[in-house]
Amino acid sequence: MSKLISKYKILIAKKLIIEYHSGNLDVASFINFKTELSTDPSFSPNFNFIIDLQDVKFTASESDLKKYANFLTDSKKYKGSRNIAVITKTPNQVVSSMLFKILFSNPTITIEIFSTFNSAVKWLQADNLNALEVKNIVKSLKKSV
């Protein structure tokens, strides 16, 4: 796999940020992406997230995941209340996502891991959001890579 490629779309009306990632997910690249995302004028730390990790291979170690957790905890731009739905498909993605969930403890942020967009959207309980719309956005982000 190649280096990490990350794309996002912010849906202001739905208070949602959709992320698509592909390649090798290392902590430095992911922190750089999150830093860039937080500078978008439409960004809000109170928007929910759907993060598609189905096309990544985690190369981050446990200490790297802890570094990322510390980055989110220490970053003023990420202070907020939100739900994060992570979409995975391989054991590598599930294990790394679960480990991060364990390492990152914040009472205002809930992280859940899913294997389908349908279950993620249902869990987010967003009245004005449907799984097909999310899938189409992810497809367009994927095509722009």
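Predicted model: local features only at pLDDT ≥ 70, side-chain atom pairs only at ≥ 80, totals over all residues.
**The hairpin.** Begin by selecting residues 5-11 and 16-25, the strands β1 and β2, which run antiparallel and are joined by seven bridges. Ile10 is found opposite Ile17 of β2. Four residues separate the two strands of this hairpin, and Lys15 in the turn has a positive phi of about 50°.

**From the turn to helix α5.** Next, display Lys14 and Glu133, whose side chains form a salt bridge (3.6 Å, N to O). Lys14 belongs to the loop between β1 and β2 and Glu133 to helix α5 (residues 131-143), so the contact ties together parts 119 residues apart in sequence. Glu133 is partly exposed at 26% relative accessibility, and Lys14 is partly exposed at 24%.

**Helix α2.** Select residues 62-74; this helix of 13 residues reaches 18 Å from its first C-alpha to its last. Colour Asp64, Leu65, Tyr68, Ala69, Phe71 and Leu72, which are buried.

**A network of salt bridges.** Finally, select Asp55, Lys89 and Lys142, which are linked in a network of salt bridges. The side chains of Lys89 and Asp55 meet at 3.9 Å, N to O. Lys89 lies in the loop between β4 (82-87) and α3, and Asp55 in strand β3 (residues 48-58). Lys89 is exposed at 56% relative accessible area, while Asp55 is buried at 18%.

Technical notes. Residues numbered from 1 in each chain as written. Heavy atoms only, no water. Pairing = 2+ DSSP bridges. Expected span 1.5 Å × (residues − 1). Buried < 20%, exposed > 50% of the residue type's maximum accessible area, 1.4 Å probe, protein only. Salt bridge = Lys/Arg side-chain N within 4 Å of Asp/Glu carboxyl O.
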